[in-house]
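Please open the model in your viewer and keep the sequence panel beside it. The stops below are meant to be selected one after another.

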Amino acid sequence: MTDSKKTAPSLSLGTLYGVGVGPGDPELITIKALRLLKSAPVVAFPAGVQGRKGRAQDIISPWLNPDQVQLALKFPYTEDRQILTEAWKVASEEVWLHLQKGRDVVFASEGDVSFYSTFTYLAQTLQQLHPEASIQATPGVCSPLAAAAVLGIPLTIQAQRLAILPALQSVAHLETALSWADVVVLLKVSSVYPQVWSVLDKHQLLDHSYAVENATKPDQVIYADLSKRPRLQLPYFSLLVIQVRP
Ligand SMILES: C[S@@+](CC[C@H](N)C(=O)[O-])C[C@H]1O[C@@H](n2cnc3c(N)ncnc32)[C@H](O)[C@@H]1O
C-alpha cells in the first residue's frame, strides 16, 4: 500500500459583480444586470437609513426571490474619511465571507456603478484586502441621462460641452464650469441649492435651468424655470440641468 496524502478539493472563489440598476424605474435595469441579480446566491446593496429601504434595494426588490441571501451593507452618510474607510473595510469583509465560500455576490448600485457610486470604494477596498478577489462591473443608466429623458430634452447636441459637478463639494467651481460648458448638470444639490440659485441668478440662467427630483420614479417632480424658486426644498435624489448655451 502506498502512502497517499489527501488534499481537500479546492473551492473556486466567487466573483463580486457591481451592477448599475438605473435611476429608479425598475424597468430601467439592463438585461445583463437583471440576469446577474436573479441568478446570484447573494445580493448586496447599501443599507437604508431609519428603517427605510435603500434606493438600490427598493429598485431591485421586485426582481429578487426569497432564496437569495440579502446583504445590507452599511455606508454611513458622512465626509469623515476615517469612518468611511472603516465602513468600507467591514463591508468588504462581509462580501469576502461569501466569495471565499465560492458564492458570487451581486452588489446593486443606484444609477451607474462607476458614476459617483459606493461600489467603487467597496471594490477598491476588497481588492486591497484580498488581491485575489475577482471583481466585475456592469454599467447602468445614470441620473443625468434619466433626467434628460424625463425632461424631454437632449442632454447635449452637436459639439456642446457637458460639465457634471457634485454641487455639494463644488459650488465654488460652478462659476468656472459656467464659463466653458454649454450644459451643466449639478448632482448632490439639495443642501446647497440656495447658493447655486444665487450663482444662476447672477448669470441670468434661471430660466434655462431645470430641477428634477426622483427622476423616473412615481414621485418624480420637475421644475422647469427656477426664476421664482429661490428656496426649493429638494430631496437628496435631485439634480439640476442648466442649459448655459442652448
Ligand atoms: C452619489 S450620487 C449617485 C449617482 C448615481 N450612481 C448615478 O448613476 O446617477 C447621488 C446623486 O445622484 C443624483 N441622482 C441619482 N438618482 C437620481 C434620480 N433618480 N433623480 C434625480 N437625481 C438623482 C442626485 O443628484 C444625487 O444626489
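In which loop does Tyr116 lie? Select this residue in the predicted model, and you will find Tyr116 in the loop that runs between strand S4 (105-109) and helix H4 (118-129). Tyr116 is not a glycine, yet its phi is positive, at about 50 degrees. Most residues other than glycine have a negative phi. With a relative accessibility of 44%, Tyr116 counts as partly exposed.

Next, colour the chain by domain, taking 15-138 as domain 1 and 143-243 as domain 2. The C-alpha centres of these two domains lie 28 Å apart, and where the domains meet, 10 residues of domain 1 are in contact with 13 residues of domain 2. Between them, domain 1 and domain 2 bury about 1,000 Å², with 61% of that area on carbon and sulfur atoms.

By class, the side of domain 1 that touches domain 2 has 4 nonpolar, 1 polar and 5 charged residues. Asp58 is partly exposed at 31% relative accessibility, whereas Lys217 counts as buried at 14%.

How many salt bridges does the rule count? The count comes to 3 salt bridges, and another of them is found by selecting Asp182 and Arg161, whose side chains meet at 3.4 Å, N to O. Asp182 lies in the loop between helix H6 (167-180) and S7, and Arg161 in the loop between helix H5 (143-151) and strand S6 (162-166), so the pair ties together parts that are 21 residues apart in sequence. Asp182 is buried, with a relative accessible area of 9%, while Arg161 is partly exposed at 43%.

Now move to Lys202 and Glu175, which form a salt bridge with their closest N and O atoms 2.8 Å apart. Lys202 is in helix H7 and Glu175 in helix H6, so this pair ties together parts 27 residues apart in sequence. Lys202 counts as exposed at 60% relative accessibility, and Glu175 as partly exposed at 28%.

From there, select Lys188, found in the loop between strand S7 (183-187) and helix H7 (193-202). Lys188, which is not a glycine, has a positive phi of about 45 degrees, and its relative accessibility of 25% makes it partly exposed.

Ser92, in helix H3 (residues 81-99), has a relative accessible area of 0%, and, leaving aside neighbours within four places in sequence, Ser92 is in contact with Leu122, Thr125, Leu126 and Leu129. Gln243, in strand S10 (residues 238-243), is buried with a relative accessible area of 16%. Not counting residues up to four places away in sequence, Gln243 touches several residues, among them Ile153, Pro154, Leu205 and Asp182.

Definitions and conventions:
Residues are numbered from 1 along each chain as its sequence is written. This is a predicted model: local features need pLDDT of at least 70, side-chain atom pairs count only at pLDDT 80 or more; totals for chains, interfaces and linings use all residues. Side-chain values use heavy atoms; hydrogens and water are left out. Domain bounds come from an automatic or database domain assignment. Contact means heavy atoms within 4.5 Å. Buried area is the accessible area (1.4 Å probe) that two parts lose on being put together, summed over both. Ala, Val, Leu, Ile, Met, Phe, Trp, Tyr, Cys and Pro count as nonpolar, Asp, Glu, Lys and Arg as charged, and the others, Gly among them, as polar. Helices (H or I, at least four residues) and strands (E, at least two) are DSSP runs, numbered from the N terminus. Buried means under 20% relative accessible area, exposed over 50%, partly exposed in between (1.4 Å probe, protein chains only). A salt bridge is a side-chain nitrogen of Lys or Arg within 4 Å of a carboxyl oxygen of Asp or Glu.
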